[in-house]
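Here is a short report on two parts of a protein model. Look over the sequence and fold first.

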Amino acid sequence: MSQSVRTRPEGSGQALSEAYDTALLDLDGVVYAGGNAIVYAVESLATARAGGMHLAYVTNNALRTPDTVAEHLTELGIPTGADDVITSAQAVARLISEQVPEGSRVLVIGGEGLRVALRERGLVPVESADDDPAAVVQGFGGPDLPWGRFAEASYAVARGVPWFASNTDLTIPSGRGIAPGNGAAVEVVRIATGAEPQVAGKPLPPMHRETILRTGAVRPLVVGDRLDTDIEGAFNGEVDSLLVLTGVTDGAQLLAAPPQHRPTYVDADLRGLLTGQPEVVEADGGFRCGGWIATAAGERLELAGDGEALDGLRALCAAAWTAAGDGACELDGWKALARLGL
């Protein structure tokens, strides 16, 4: 993918599962939500795998171990080995191991995923700021993480112990809606200490490096539902991306996306892996995709025509991103999106 400013979603004459050797799939909001498989995910992934695409699962959620994630996916009907799961816990453990001696103690604020990843790197998880840790690491610990854990992190960080975070996602999708993520927990320690952590997870380079090291991908396609982690991570790694609309991103957020948040492709769900992608072309002073033409007129985006709603969204993206250039589009697109039911 070129780092020039993207002004429209790209087309593809091939199915994406044929055009790319490896799908780097986010989990929450892409493959499952609240532990249950998202509609079409199981069948789509099975078809992509049968066609020769390598599937790897890349998650900022540091709570669970790769073994646990792989077992969960297999139970959902997506046969997966632990080697095909890459977590931000693994990325942050590698980052820490490059800065402290082997055998060092690390204060863990989070779940089992962090502890397993640290041990894999020859580090020793501890529970108290009084255990003389060489580093503090913070990752998503689930809804029942005791408030006192943040105090332990704050005590150590305030003493000057290096602080690391698996990721800083402010929210995480659940079966009941959007819940606070690890980024919200990181803010607690930041407020208490005034310090800043080193962060490993998407969209930052340590996570992309970990993913490529573990998968060996040559032509990867990042598949995600978040603009500020999945899509920005692909942008930073200079690889292509597919945004699916099964998670946290809605049409308005997509139209307003600055360059680093603009995906290569847009589709409704993981069935998008199995198809080509329609081209968006300049036409009649605007942009055409399928039966729709989108234009930027005055202070709003306008949409004419009819057809598949996703084609209309792709055309609107082209109009919005072209008008915005290297900024975020501020044109009113609500009426146009309402026509598409988005």
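This is a predicted model: local features need pLDDT of at least 70, side-chain atom pairs count only at pLDDT 80 or more; totals for chains, interfaces and linings use all residues.

Four strands make up an open sheet, ordered β16-β17-β18-β19, with antiparallel pairing. β16 and β19 are the edge strands, each with a single partner, so one side of each has no neighbour in the sheet. On average, neighbouring strands are turned by 35° against each other, direction ignored.

Inside the sheet, β17 and β18 run antiparallel and are joined by three bridges. C289 sits opposite W292 in β18.

Helix α11 lies across β17, β18 and β19. The helix runs at about 25° to β18.

| Element | Residues |
|---|---|
| β16 | 281-283 |
| β17 | 286-289 |
| β18 | 292-297 |
| β19 | 300-305 |
| α11 | 309-324 |

**Helix α8**

Which residues of α8 are buried? In this helix, residues 205-215, they are P206, M207, E210, T211 and T215. Viewed down the axis of α8, the buried residues fall within an arc of 145°, so they line one face of the helix.

What covers the buried face? Among the elements over the buried residues of α8 are the strands β1 (22-25), β4 (54-59), β5 (85-87) and β12 (198-199), and the helix α4 (88-97). Just after α8 comes G216, with a positive phi of about 65°.

Notes:
Residues are numbered from 1 along each chain as its sequence is written. Side-chain values use heavy atoms; hydrogens and water are left out. Two strands pair if DSSP finds at least two bridges between them. Helices (H or I, at least four residues) and strands (E, at least two) are DSSP runs, numbered from the N terminus. Axes are lines fitted to C-alpha atoms, for helices over the stretch in contact, and angles run from 0 to 180 degrees between N-to-C directions. Contact means heavy atoms within 4.5 Å. Buried means under 20% relative accessible area, exposed over 50%, partly exposed in between (1.4 Å probe, protein chains only). The arc is that of the directions from the helix axis to the C-beta atoms.
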